[in-house]
Amino acid sequence: MFLSKKEEIVWYISNPHFFHIEDAVPYEDLSSERFDLFNKRLEELDIPAKVTFRYLPDMDMSSDESDSITDTYKKSLDFSAHLIRTLKEQDPQADIVPFSPMEYREFVALDDSLASEKNSSVLDSLPDPIWNVNRINGKTYQIPRGSMPLSDTIYSFSASFLKDYNLTLNEQEITSMTPEEVIDFLFPYFEDNRLLDKNTI
C-alpha cells in the first residue's frame, strides 16, 4: 500500500469481477455502483478525498491457450515479481495497490500511520501474532486480510519452479530464514528471467 495525503486517490484493484465488472481495461478507470457508494460515504464522513478505482492485472495478459500449465505459471510468477515496477511505469499517480512481497521495498511502511491514535482501531482488530507474521524486516507493509489470515510463517514453492531452476531445498535452513531473506534469495530468478546454475538453499 502506498500512502498519500492528496485529495484525489488512485486505488488499484486486481479483482474487478468481484464487483461484477467484466470489461476492465488494465490501468484504466473502473466504474461500479459500489465505488460510487464508497465515495458517497467519504462525503458523509466529511473526509476530503475522492477515490478513483483502476484495474491492475495480476498476471501476464499475453498468456494463450497454447501455453502449458507450467508456462502459464512461470509467466504469472515473472509478471507478479515486477508487478509494482510495471505499475509505476504505467501510472506514477498510483496510491493504493495490492501488496507484492517480491517488491516490498517499493512500498511505504505503515507502522507510523498505524501507531497514530486515529488508526489504533486497525491495530486492535487483529491479534499481534497475525501482525507479526505479516511483517517483513520488522516492518508492516500491508493490512492482513482474508477469511483465514496466517498466524505462522509459511513458505510454498512450486515443484515446477524447483525443477526448472534445478534447486534443492534444505527445509531446515528454510525454516530459519526471515521473509526478507527468502525474498532476497528468490528475486534474482525472476529478475534475470532465465535458468541459473544449480543452487542449494
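Modeller: Buried means under 20% relative accessible area. The model discussed here is predicted.

Colleague: Does Arg54 count as buried or exposed?
Modeller: Arg54 lies in strand β2, residues 50-55. Its relative accessible area is 18%. The cut-off for buried is under 20%, so at 18% Arg54 counts as buried.

Colleague: How many salt bridges are there?
Modeller: Side chains of opposite charge can pair when their charged atoms come close. A pair counts when a side-chain nitrogen of Lys or Arg is within 4 Å of a carboxyl oxygen of Asp or Glu. By this rule the count is three.

Colleague: How many residues apart in sequence are the parts that Arg54 and Asp29 tie together?
Modeller: Arg54 forms a salt bridge with Asp29, with the closest N and O atoms 2.7 Å apart. Arg54 is in strand β2, while Asp29 is in the loop between β1 (8-13) and α1 (33-44), so the parts tied together are apart in sequence by 25 residues.

Colleague: What separates Glu44 and Arg41 in helix α1?
Modeller: Glu44 and Arg41 form a salt bridge, their closest N and O atoms being 3.1 Å apart. The two are three residues apart in helix α1, so the separation is about one helical turn.

Colleague: Which residues do salt bridges that share partners join into one network?
Modeller: Asp91 forms a salt bridge with Arg54, the closest N and O atoms lying 2.5 Å apart. Arg54 also forms a salt bridge with Asp29. Through shared partners, one network joins Asp29, Arg54 and Asp91.

Technical notes:
Residues numbered from 1 in each chain as written. Predicted model: local features only at pLDDT ≥ 70, side-chain atom pairs only at ≥ 80, totals over all residues. Heavy atoms only, no water. Helix = DSSP H or I, 4+ residues; strand = E, 2+ residues; numbered from the N terminus. Buried < 20%, exposed > 50% of the residue type's maximum accessible area, 1.4 Å probe, protein only.
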